[in-house]
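Try each task before you read its solution.

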Amino acid sequence: MDVDLLSRVQFALTASFHFIYPPLSIGLGLMLVVIGIVYVRTKDPKWRRMSFFWVKVYGLIFAVGVATGVVQEFEFGTNWAEYSRFVGNVFGSLLAAEGVFAFFLEGGFLGLMLFGGNRLGPRMWLLATFMVVFGAHFSALWIVMANSWMQTPAGYTISETPLPVRAVMTDFWATVFTPSFIPRLLHVLVASWTAGAALLLSVGAWFLLKKRHVDIAKSTIAVALPFFVIFSITNVVLFGSEQAREVVANQPIKLASMEGLWQTQTCAPMYLAGWVNEEAQTTSGIAIPCMLSLLAYFDPNAAVAGLDSFGAAPLPPINLVFQVYHAMIGMGSLFIPIGLLAALLFLWKRRLYETRWMLWVLVGTVFLTVAAITAGWWTAEIGRQPWIVYNVLETAKGGSPVVSSLDVVLSLIMFIGLYAILLVLFLYLLNAKIQQGPEPLEAVETTAVSALPDTFRDIFSRRGRAG
Amino acid sequence: MNLSDIWFLLFIVIIAGYLILDGFDMGVGILHLPLARSDEERRVFLNSIGPVWDGNEVWLILGGGVLFAAFPLVYASLFSGFYLAMMLVLLVMILRTVAIEFRSKRSSSRWRTGWDAVFGLSSLGLALLLGVAFGNVLKGVPLGADGNIRMSLIDMLGPIPLLVGVTTVAMFAMHGSIFLSMKTEGALQARIASWMPRLMAVFFALNTVLIVALAAFHPSITDRYTQHPWLAVFPAAALAAILTAWYLLRRGRAFWAFVASSAMIALLLASGAVGIFPNLIISTVAGADNLTIYNAASADNTLTVMLIIALIGMPFVLLYTAGVYYFFRGKTVVEPHGY
């Protein structure tokens, strides 16, 4: 196999595996902040128990996210050296900014968040949690910004001398606010929040099914359900479709590939499911007539550009883009009826807590949210092919000239083995934590809440050792 | 001083921050197997670095990001040229992270002993690999006119790089032992204290051999020093710093000894950095191919933007990092829900 393909496979594997964890940390982080606020306001100890429990889960997710995240920063240089030389001026500075503004926040406050329960009063612990979660959101901001520059590059000029050829930043704000940045950021964040809310629903439903920690389980579901409903609806109706319109405007080939639209047409259909025959240049499946035109231009009769309108422009693997896109849309749309049904059962005299089949659905939903996020990321990345920087640099020209196929085979074997072990350990430990459930406060608290420092003054004026 | 010089200085400061901070927690890992005997003692070791190690590692991530942004040609050449070594770095970094985080999650002694071994060996391996990589940068690499380094993993394992690797391990072990002596009490602290002079002596001996070997076999570095004799203040100050650390330890002032040890690490790095300046990667093929802080730098616009970002962000980073260290100061106490 050639080194280009191997490097693509390795990057896809490592990025996809990594990308399981950050959305969960972002989403669960938001839920932890909500739980912390509820505790500070109500002083009901059950919320404190939930904080202790979910912070542990957060630590586990965060650990795997950090461990696999370093790989991404290295891989631009190791496997995509020509790309790195080309984009260092622009892309590199956005990554460096992520380090300064986001990773230090997360890394700095993580210790306080994980160990804060017994060292900080509720408000200060909430503040530490907020800082970590804020850092996680900031990290998403910079990384989506950097990736958006690869999708819709702006604010740069190509410099040819001295060699190597490279993109040089001319306008920082234009590289930051590329046309795709804000729509993509909102879509990614809301998807992550959906996954976080789904994680709470899943574990809460599991406890109810097993009749464990029933009181905590009900509160977990009650706090997460409204968020899940709002996030899942808005992400399809508002943020997802806004992102689709961004793709229509900026990457029309990607849009046509996502829908397998070969001919430019008015009243363009949107498929629910289907298959693209790239040889025969046809797409077959179940479609809603005119829906794509409506989605793209708010007009069922609007013309949507098909793949025939781009002349000899290189195309991505169309069926693959079509399938991953429809996997995302299918799963994403499913969250709306799941959320609404669960909400109706909840409002109808709390029947949700006894409706076992619905609880089982909720247990499984979190896996679908992670799968949907992965499918969405694949749509964005595969849909951009054959470009690594859209319409500027081809992926095939971005590799490392001195890295051999054997090198990448060896590293790929290493990553496959390592990540398989990591995934098994992660699921094993996550399951063990969930089976153990939230512990009673007496088991986790070493100091009475009232004795913990809850203002900056308390923290920095204590005498002697701080713990 | 132009923007390239400023970014070279900042890059060295960031790497020094990384070596000082992650250096002590790597040192704790290196000493984890030989020095911490019971489960209780191992938990003390892990909890001493528990709240801060992740933040420490961010300095390396930042260093990588800054290299990518400020000197992209060096980032690309170094990371692709050292491909398999970099993959090994990633392997040990991942293993180290999960060992620290997973060990406490189960109480079975087999589980814990297994992760103890992973933590110890991965810390040792990371220190060794970073040292070997830095050793290759010091002595120069086969960098061609196309800006690419062509060398295999075996080529990287020359005597000088290996010596730098072993010296780095000894340096972090020493640095970590001083950190641990601040964090421990009683019999454990006494055991660490009995090891400290030996670790210092081993490091001092290795480092002396290294300096002699560099002077003898890689005159390009010595040339810089003979042309600019005043540069000798850096190694001289490093020597003064380690002697100060020795003296302070004998007086029982562990915190100030740790400060002196940190200063020594920064000064040693600075000694190496001024030795290769203005080169970042020295070509053993042809001197004209060297990647310098000038020909490998990003355009001024990027460097300016980055400088603004650093000036806005880094004061906050330093402020809250110091706050977190202050908060977790004092002896480490093992809690039921710690590491």
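**Exercise 1.** Work out in what order the elements of chain B run from the N terminus on.

*Solution.* Start with the terms: helices (H or I, at least four residues) and strands (E, at least two) are DSSP runs, numbered from the N terminus. Reading chain B from that end gives α-α-α-α-α-α-α-α-α-α-α-β-β-α. The tally for chain B is twelve helices and two strands. Keep in mind that this is a predicted model, in which local features need pLDDT of at least 70, side-chain atom pairs count only at pLDDT 80 or more, and totals for chains, interfaces and linings use all residues. Residues are numbered from 1 along each chain as its sequence is written, while chains are lettered from A and ligands numbered from 1 in the order in which they are written.

**Exercise 2.** Decide whether the radius of gyration of chain B agrees with that of a compact globule.

*Solution.* The radius is taken over C-alpha atoms, and the globule rule is 2.2 Å times the number of residues to the power 0.38. For 339 residues the rule gives a value near 20 Å, and chain B has 20 Å, so the two agree. Next, look at the principal axes: the C-alpha trace of chain B spans about 60 × 40 × 35 Å along them.

**Exercise 3.** Describe the side of chain B that touches chain A, by element and by class.

*Solution.* Two residues are in contact if their C-beta atoms, placed from the backbone, lie within 7 Å. The contact takes 62 residues from chain B and 57 residues from chain A. On the chain B side, the elements that give two or more residues are H3 (53-70), H4 (72-81), H5 (83-102) and H12 (300-327). H12(B) provides the largest share, 13 residues. Sorted by class, this side has 37 nonpolar, 17 polar and eight charged residues. Here Ala, Val, Leu, Ile, Met, Phe, Trp, Tyr, Cys and Pro count as nonpolar, Asp, Glu, Lys and Arg as charged, and the others, Gly among them, as polar.

**Exercise 4.** Is A:Lys210 exposed, partly exposed or buried?

*Solution.* First locate A:Lys210: it sits in the loop between helix H7 (181-209) and helix H8 (214-250) of chain A. Then apply the cut-offs: a residue is buried if 20 or more other C-beta atoms, placed from the backbone, lie within 10 Å of its own, exposed if 12 or fewer, and partly exposed in between. A:Lys210 has 13 C-beta neighbours inside 10 Å, so it counts as partly exposed. For chain B, buried residues make up 56% of the 339 residues.
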